[in-house]
Amino acid sequence: MKKRIEAPHQLTDADWKARLTPEQYAVCREHGTERAFTGAYWASKDKGEYACVACGAPLFASETKFDSGTGWPSFYAPIEDNAVGVTVDKSYGMVRIEVHCAACKSHLGHVFDDGPQPTRQRYCINSVALSLNKEDAGE
């Protein structure tokens, strides 16, 4: 896991390119998408906290993760209401709600209104945009 960045807004494009792999950069900074069923976390059952791969900010808890059948990690709620931000995404001839890290504005994925209770939300997130801080087995 990368150490959390205290002032991610101060990083330049060159800083992000140096910090992230090419795939992480393409998704997080250029609003890309990894191919379904290819990411590290789409089928993961590991317990822990999912953080932003770019800045280390906590985003989602494993307790809110569910199998949506889409091939990307899906969560029904962020770890805190202010952990993620949303914007309207009108790319590719669609209107969707983009999800980004509130701390560093990295693109994470999209949120849809077809998730399970209690929120009915499906935060469909790219694995490459996440790092998992696993819980110890003794916890």
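Start by selecting Lys17 and Asp13: both sit in helix α1 (residues 13–19), 4 residues apart, which is about one turn of the helix. Helices here are DSSP runs of H or I with at least four residues, strands are runs of E with at least two, and both are numbered from the N terminus. You're looking at a predicted model, so local features need pLDDT of at least 70 and side-chain atom pairs count only at pLDDT 80 or more, while totals for chains, interfaces and linings use all residues. Residues are numbered from 1 along each chain as its sequence is written, and side-chain values use heavy atoms, with hydrogens and water left out.

**Stop 1: charged pairs**

Stay on Lys17 for a moment. It forms a salt bridge with Asp13, and the closest N and O atoms are 3.8 Å apart. A salt bridge here means a side-chain nitrogen of Lys or Arg within 4 Å of a carboxyl oxygen of Asp or Glu. Side chains of opposite charge can pair when their charged atoms come close. Asp13 is partly exposed, at 41% relative accessible area. For that scale, buried means under 20% relative accessible area, exposed means over 50%, and partly exposed is in between (1.4 Å probe, protein chains only).

How many salt bridges does a search of the whole structure find? There are 4.

Next, select Lys134 and Asp46, whose side chains meet in a salt bridge (3.3 Å, N to O). This pair links distant parts of the chain: Lys134 is in strand β9 (residues 130–134), and Asp46 is in the loop between α2 (22–28) and β1 (48–52), 88 residues apart. Lys134 counts as exposed at 56% relative accessibility, and Asp46 is partly exposed at 35%.

Now jump to Arg96 and Asp89, another salt bridge with 3.3 Å from N to O. Is Arg96 buried or exposed? Arg96 is buried, with a relative accessible area of 17%, and Asp89 is buried too, at 13%.

**Stop 2: the sheet**

Switch to a cartoon view. You'll find 6 strands forming an open sheet in the order β3-β4-β8-β7-β6-β5, with antiparallel pairing. The edge strands are β3 (65–66) and β5 (84–89), and each pairs on one side only. Two strands count as paired if DSSP finds at least two bridges between them. Zoom in on β3: 2 bridges join it to β4 (residues 74–75). Across that pairing, Phe66 stands opposite Ser74 in β4.

**Stop 3: the rings**

Select Tyr41, Tyr50, Phe60, Phe75 and Tyr123, which ring pairs link into a cluster. Rings of Phe, Tyr and Trp (its six-membered ring) pair if their centres lie within 6.5 Å; planes under 30 degrees apart count as stacked, over 60 as edge-to-face and the rest as tilted. The whole structure has 5 aromatic pairs. One of them is Phe60 with Phe75, stacked at 4.4 Å centre to centre with 15° between the planes. Phe60 is in strand β2 (residues 58–61) and Phe75 is in strand β4, 15 residues apart. Both of these Phe residues are buried.

Why is the pair of Phe60 and Tyr123 called tilted? The ring centres are 5.7 Å apart and the planes are at 55°, so the pair of Phe60 and Tyr123 is tilted. Tyr123 sits in strand β8 (residues 122–125), 63 residues from Phe60. Phe60 has a relative accessible area of 0%, and Tyr123 is buried at 11%.
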